[in-house]
Amino acid sequence: MARSVPQSRKITFTIIAWLVALLIFFPILWTFLTSFKTEGEAVAVPPHFLFFDWTSVNYEQVWDRSNYPLFFLNSVVISIGSTVLGLVVAIPAAWAMAFSPTKHTKDVLMWMLSTKMLPAVGVLVPIYLFLRNVGLLDTRIALVVIMMLINLPIIVWMLFTYFKEIPGDILEAARMDGATLGKEIVYILTPMAIPGIASTLLLNVILAWNEAFWTINLTASNAAPLTAFIASFSAPEGLFYAKLSAASTMAIAPILILGWFSQKQLVRGLTFGAVK
Amino acid sequence: MKFKSLLLGACASVAMVASAQAVTLTIATVNNGDMIRMQKLTDDFKKQNPDIDLKWVTLEENVLRQRVTTDIATHGGQYDIMTIGNYEVPIWAKQDWLVQLDDLGDNYDADDILPSVKKSISVKDKLYAAPFYGESAFTMYRTDLFKKAGLEMPEKPTWEFIKKAADKITDKDKGIYGICLRGKAGWGENMAFVTALANSWGARWFDMDWKPQFDSDAWKGAAKFYVDLLKQDGPPGASSNGFNENLALFQSGKCGMWMDATVAASFISDPKESKVADSVGYALFPTHAKYDNHGNWLWSWNLAIPAGTKHEDAAKKFIAWATSKHYTDLVAQKDGWSNVPPGTRQSLYANKDYLDKAPFAKLTLQAMQAVNPNQPTVDKVPYKGSQFVSIPEFQAIGTAVGQQFSAAVAGQTSVDQALQNSQQLTTREMTKAGYIK
């Protein structure tokens, strides 16, 4: 039987939850507000919260100055492409480790995770030279593959965790009914792990969308995504905060909207199996 | 059928010829007003060169530096033209990474380039980049606050005068600070200012044997003066203020004086952006009473061609256009004289229209002419550079030393300790790099 929680405690926790949410959301809110200020207002001391002359001039200038649709398209292709490719590679790998483990499975998982601990800049030059030699610098395909490889450990780990929650008996029953390995993964395992796969997909789209090191360093004018778009509005000499905020808002808006609409799915996936 | 084949063949040939002739230049550039304006005005270039297309990659200065350095060091070939500073030009030219630019056409008039700028982007008297815009540093001050305090700014102020004036102007209760200076750590942030200050104080980074000189009396005097001045008369949190933070403070009326890049003058005198636009005065970068050295600050953004580009001729055509007198006239015609890129050509400073629109122009020229990048301070130095040392190791060393100075301004360490740490870390890095045997 569920314990009843006193009303006062409920209210306190609700207020705390709202405050924490506001605190986390505040930088985004401030960026959004700054994007509608003039450059002078953006650095005013003390800062003006809501009562200033709202202007859309920053958005107009940002739009005029750069080819936003191209940056946006590149971000979409790179983030979705790398995530889908990652899932294609990671689902069989996670299946093998979850349902057919060997004595080295744990080591393999740890080794995969350890690659995330290497500072990215340490392998920049070799990868740069490799891409130059194969003629793939500043191409979407190179970014899709690189992003996939970077996020692969996380995808495998997440899927492995979800797959471990699925009873092996169900898969065994399918096998006894004559299901092949492929059918087992496609028709039994994948539908059962849909919440987990969906949250993995969403999380990796977000990670790939926000990745700035590789996307800036391996691109120039053709495959540069929205991270490079933002970087083009910062300057050490001259005030640029309002324009930079407008560019940032334009860059994060799509992924923010996606996260907003899929938050139920995301939370369901992330807490999948957390409570038994 | 035969006719159709012939027609198709002719079309294919035309397409092949057209694609062979069309050249696309990829240009890496920084995000500043002058560069963005250039992008808008390229129709003029395209009219003259219909066979050349332009693609722009605009990045923040430090990101751009990292990007183009990776590309040029690995011969990545992603850019046909790069925007680089006079810090990079001599280092990269010595590595044979840049194309010589002594043949930019008969009308180019390379002799019109300011001698100090030309010197800073040349190696063995050969030009390896073309300057797009240049700057030195000077003193910007509030004429209204000076009047109120009964002060008069000399054209060539000394640091001693600056200290007295800062003490008198500072009114912390009203949020007015006598002095605003760079305190944010970074080789291009606080160390640009500190190095210029040290130059004027007779200090140098290295002696002729590349031995660091932070243990010298000149450095001790300069560093102590800088830290004490900022602590006493600077704004709160000065250790995290860079160019932009000080610009915002000055524009909102919080600073009495500000010594920084001459490019700041166009921002603080713009009534659309600055609250104090009508009460700004200018003077030269201060000197120490003993020396006639105004800091020797010199920076220029230049267009250069990486060696190995497939479009060298087209790139030269573009650079000749973007850094020409014709381009200056074009900007003046479209956006007015006050928006012309400053600090590169002598002819600009002989133009009455420009001088009328830019009250800071004469002092900018004076400051730039006073610079000698080969002899930035009193004693001889083994390096080229003004507010930086033009060696590849300087970015790392300069930033590490900058952190020491920033910590001293924040009160986290003493001036003596900061200098001692700077001496140690610079000696270690220079030994590792093979300069000190």
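How are H17(B) and H18(B) oriented to each other? The points below take up this question, then the rest of the predicted model.

1. Helix pair in chain B. Helix H17 (residues 394-410) and helix H18 (residues 415-432) of chain B pack at an angle of about 170°, and their axes are 9 Å apart. Angles over 145 degrees count as roughly antiparallel, and H17(B) and H18(B) are therefore roughly antiparallel to each other. On the H17(B) side, the contact includes B:Ala396, B:Ile397, B:Ala400, B:Val401 and B:Phe405. Among the residues they meet in H18(B) are B:Val415, B:Ala418, B:Leu425 and B:Glu429. By class, the contact of H17(B) with H18(B) has ten nonpolar, four polar and one charged residues.

2. Domains of chain B. The chain is divided into domain 1 (18-135 + 298-357) and domain 2 (137-297 + 392-432). Taken over C-alpha atoms, the centres of domain 1 and domain 2 of chain B are separated by 30 Å. Five residues from domain 1 of chain B and seven residues from domain 2 of chain B make up the contact. The domain 1 side has three nonpolar, one polar and one charged residues.

3. Sheet in chain B. Five strands form an open sheet with mixed pairing, in the order E2-E1-E3-E11-E6 (chain B). Strand E2 (52-59) and strand E6 (130-135) of chain B are the edge strands, each pairing on one side only. On average, neighbouring strands of this sheet are turned by 20° against each other, direction ignored. Helix H13 (residues 312-322) of chain B packs on the sheet and touches E1, E2, E3, E6 and strand E11 (299-304) of chain B. The direction of H13 makes about 50° with that of E1(B).

4. Pairing of E1 and E3. Strand E1 (residues 23-30) and strand E3 (residues 81-85) of chain B pair in the parallel sense over two bridges. B:Ala28 has B:Met82 in E3(B) as its bridge partner.

5. Contact between the chains. In chain A, 26 residues are in contact with 31 residues of chain B. Helix H2 (39-42), helix H6 (124-133) and helix H11 (213-217) of chain A each supply at least two residues of the chain A side. H6(A) gives the most, with five residues. The chain A side divides into 15 nonpolar, six polar and five charged residues.

6. An unreviewed UniProt entry lists several stretches of chain A as "transmembrane region", including residues 141-163 and 184-206. Residues 141-163 of chain A are 100% helix and 0% strand, with end C-alpha atoms 30 Å apart. Residues 184-206 of chain A are 96% helix and 0% strand, with end C-alpha atoms 29 Å apart.

Note on methods. Residues are numbered from 1 along each chain as its sequence is written. Chains are lettered from A and ligands numbered from 1 in the order in which they are written. This is a predicted model: local features need pLDDT of at least 70, side-chain atom pairs count only at pLDDT 80 or more; totals for chains, interfaces and linings use all residues. Axes are lines fitted to C-alpha atoms, for helices over the stretch in contact, and angles run from 0 to 180 degrees between N-to-C directions. Helices (H or I, at least four residues) and strands (E, at least two) are DSSP runs, numbered from the N terminus. Angles under 35 degrees count as roughly parallel, over 145 as roughly antiparallel, 65 to 115 as roughly perpendicular and the rest as oblique. Two residues are in contact if their C-beta atoms, placed from the backbone, lie within 7 Å. Ala, Val, Leu, Ile, Met, Phe, Trp, Tyr, Cys and Pro count as nonpolar, Asp, Glu, Lys and Arg as charged, and the others, Gly among them, as polar. Domain bounds come from an automatic or database domain assignment. UniProt positions are given in the numbering used here, feature names are shortened, and annotations may be inferred rather than shown by experiment. Two strands pair if DSSP finds at least two bridges between them.
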